[in-house]
Amino acid sequence: MLHRLALALGLTLTPLAAQAAGEVEEFFLDNGMQVVVIEDHRTPAVTHMVWYRVGAADEPPGQSGIAHFLEHLMFKATDDMASGQFSEVVEANGGSDNAFTAWDYTGYFQRVAADRLGLMMQMEADRMRDLVFDPVEVATERSVILEERAQRTDSSPGALFNEQMRAALFLNHPYGIPIIGWRHEMEGLTLENARAFYETWYHPNNAILIVAGDVTPEEVRALAEEHYGPIPASAALPERLRPTEPPHIADRRVIYEDERVANPYVSIQMLAPVREPGDQREAAALVYLAELLGGGGPSALMSRQLQFEEERSLYAAAFYDSTSVDPSGFSLVNVPVPGVSLEEAEADIWRMVETFLEQGIDADHFARIQFQIEAGEIYEEDDTQGLARSWGVELTTGLTVADVEGWTAALAAVTPEDVMDAARRLFDDPSTVTGYLQRPAEPAPEAQPTEVNQ
Amino acid sequence: MIARIAATLVALAVPLPATADIDIQEVTSPGGIDAWLVEDDSIPFVALEFWFIGGSGLDPAEARGATYLMTGLLEEGAADMDAQAFAAAQEALATSFVVDSFRDAIVVSAQMLTQNRDAAADLLRAALVEPRFDADAIERTRGQVISIIESNERDPSDIATTTFNRLAYGDHPYGTTQEGTVEVVSRLTREDIVAAYRATLTRDRVVVGAAGDITPEELGLLIDRILGDLPAEAPPRPGPAEFGLEGGVTVVDFPTPQASVFFGHAGIARDDPDFFAAFVLNQVLGGGGFRSRLMEQVRVERGLTYGIGTFLSLADLSPTLLGQFSSSNDLVAQAIEVVQAEWADLAENGITQDELDAAIRYMTGEYPLRFDGNATIAGILAAMQSDDMPVEYIENRNAYVEAVTLEDVRRVAARLLRPEDLHFVVVGRPEGLSPGN
């Protein structure tokens, strides 16, 4: 039941330890392109992905949304292919393709029959350097991304609230700027902006090739050398130097009111460390902390106490994203039952944190989480595309193959004491952003749908 | 390089795998329940999928929402366990159960490790055969369902779908949402919930798909262990739903910068001789991917939307051809005109040979790639049985698609696509769209 409610509210938890696991083959081409191969011979298919170590957090000031806009334009013409032909060829071969942009990475992928891998590489290599920017298509596609923003963000009070929360949480780091972009800046994005971003970042020495499925590393190496090998490395590839956060010394509050809100809730966010190359211990402990305190299921403290014992919450959970380039957020969410105010819901969250710090960890619950993490490795093997995606996220956020392969061991090594220590560090006088998502005091009558029939 | 890629493409267009290389074993449990199995011991777990045909469509009108609430309660206490104890047992076994309610079926998806499969099966059996429906669990879950209903009532895309269905089907279960209304859900009793349980979870209406690390003999025993104690027979399903919506536009006023649109008209049944032609036609019209007519005309050419798609809905009791998209309030009228024009053009002229070839290449190439992972395969196997398809369908399906001719598509387009019958529900503040156009 709980997962349905979380979906309706737009609050979804990442499955426990949904990170890459198992062994892979890794090598580098002479031009610096990193290659990772995940073998799975159960289905005669491959997932072919190229990830660039660049995302929305690497955008020039004033050009929010340019990383994502460029991702859209990558499906237009190159010097050798017509606009739209990339997807046309993929589909004519029975494949599917798409792309995605986040703060830390941009990725392109196709899923096709294994014997089409060379063709995919040929086309992906072509658009790595030879994209053609046409003014008419740039203008039309800008309209498409504005519609995308309208659909995903402006039509959703929860999405608008999250945007405001992040903007408040990050005082200086670009993680506070939405990936899709601020509307007023998106409207001004130009062909030249897109071209400059492309020329700066889209090079083989800034790319990771991930191939997962019915292939061998030898086959991948031969094809990758043929198609990606000839592309020269960029000598001018910049470092990813981003503005960093100053110490957070003040608590901040965000009140967002929207007449479309159905279930008001409170969210408390604070900065938290993430997995660092060579040191994943703190992040591993925080994964347990989020699960023990607010994993979403009936066993976690927040839901056990607030939903089941006291019946004061419809949903209460903790969220932690362990994988990003720079420190990111730990958040606590509480959706109160009708009749419980947001002020009370906020106090309930802190009461749960204090209870956790006082009571410590139930040994049985801890052991069950450990076993689930262990079993997660088995279940994840079933989803090769998901594995490929996890690897991409981890490698583009600065982790090494050794870090990724060591993550399960890092999780297995966590002790209850480690979790308590991490909890004390996190909750010892943190500066937080506390947000209320609520309806205006007097609901506008127009929020009730009225219907005009034909 | 265009020429080089095009040449490569033509050269490669032929040798795609013609069929999926899937070995399905038909299993009948000692207790008489049929199942399909794809055995694969490469990962030590099994994925199971149980489809109980009937679903929330079996709700009586006065207790609409009872099945949805009931499925939300199955894991909230069973046998001697309350919700906490059940969750703890599940965590200790690292097994996952997902129970989903739909208007034509209740779907239970489970994953179990080989190392503790029997214990996991006993736990799933408890949820399905011995749910407790405790008073406190009912109240807690009722509160969650009401918040879901209230959330859906303020979501423009949900409002569009719900309005369309109400206008199309009226009092038939297809005309109302399976979550029910706040009013009805507030007064559902434990008796309503138990009645929904008895009506929907029965042995005669279940189909089973399984994939992974299990032998046919083990699977038969496991199914009886889980389902053997369920009642044998279910009450009858409701009759066919009459699609009662005529062409036109319905505007639902809602404060949002971007209008959500849901549209469609009556469709075509899976057993219709022209079904595969319609399937190909829909692929060209608004099927997945970036290359459909509607994606080309509405998104790529004009930038009027982020995405638009159509699908043949094969709902058991009323097949339809449906579509949806969102456009800013000042663009939506134009987008609707483009959809209407494409509809009319295809109805009159059919598709081109190039479009037919591309659609067939895509559909036949994509099909074998679907059988990807135990969880996915178990789902496909259950879905096929729910549609009464034979095991051989997988082998023959691409041949059916390849047999579709230009003339077949022209014929079915003229019959299926009726621009004058197309009804659009628009939720937002659309500009320049009078409800009567």
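**An annotated span and its surroundings**

Modeller: The end C-alpha atoms of residues 188–361 of chain B lie 51 Å apart, and this span is 40% helix and 21% strand, where helices (H or I, at least four residues) and strands (E, at least two) are DSSP runs numbered from the N terminus. This is a predicted model, in which local features need pLDDT of at least 70 and side-chain atom pairs count only at pLDDT 80 or more, while totals for chains, interfaces and linings use all residues. Residues are numbered from 1 along each chain as its sequence is written, and chains are lettered from A and ligands numbered from 1 in the order in which they are written.

Between them, 25 residues of domain 1 of chain B are in contact with 21 residues of domain 2 of chain B, contact meaning that the C-beta atoms of two residues, placed from the backbone, lie within 7 Å. On the domain 1 side of this contact in chain B, the elements that give two or more residues are β2 (34–39), β3 (45–53), α6 (156–169) and β8 (206–212), and α6(B) provides the largest share, eight residues. By class, that side has 14 nonpolar, six polar and five charged residues, where Ala, Val, Leu, Ile, Met, Phe, Trp, Tyr, Cys and Pro count as nonpolar, Asp, Glu, Lys and Arg as charged, and the others, Gly among them, as polar.

In chain A, the division is into domain 1 (32–227) and domain 2 (252–442), with their C-alpha centres 29 Å apart. Here 27 residues of domain 1 of chain A are in contact with 26 residues of domain 2 of chain A. Of the domain 1 side in chain A, α6(A) supplies the largest share, eight residues, and the residues of that side divide into 16 nonpolar, seven polar and four charged.

Much of the annotated span in chain A can be followed through a sheet. Five strands form this open sheet in the order β7-β11-β8-β10-β9 (chain A), with mixed pairing, and two strands are said to pair if DSSP finds at least two bridges between them. At the edges stand β7 (252–257) and β9 (313–320) of chain A, each with a single partner strand, so one side of each is left without a neighbour in the sheet. Neighbouring strands of the sheet are turned by 15 degrees against each other on average, direction ignored. The pairing of β7(A) with strand β11 (residues 433–438) of chain A is parallel and runs over six bridges, and within it Arg253(A) stands opposite Thr434(A) in β11(A). Helix α10 (residues 281–294) of chain A packs on the sheet, touching β8 (265–272), β9 and β10 (328–336) of chain A, and its direction makes about 175 degrees with that of β9(A). Helix α11 (residues 301–309) of chain A also packs there, touching β9 and β10 of chain A at about 165 degrees to the direction of β9(A). Such angles run from 0 to 180 degrees between N-to-C directions, with axes fitted to C-alpha atoms, for helices over the stretch in contact.

Finally, the two chains meet: 77 residues of chain B are in contact with 69 residues of chain A. Helix α5 (residues 135–152) of chain B gives the most to the chain B side, with nine residues, and that side has 36 nonpolar, 27 polar and 14 charged residues. Between the chains, the axes of helix α13 (residues 363–380) of chain A and helix α3 (residues 83–93) of chain B come within 7 Å and cross at roughly 45 degrees. The helices α13(A) and α3(B) are therefore oblique to each other, since angles under 35 degrees count as roughly parallel, over 145 as roughly antiparallel, 65 to 115 as roughly perpendicular and the rest as oblique. In this contact Arg368(A), Phe371(A) and Gln372(A) of α13(A) meet Ala88(B), Glu91(B) and Ala92(B) of α3(B).

Terms used. Domain bounds come from an automatic or database domain assignment.
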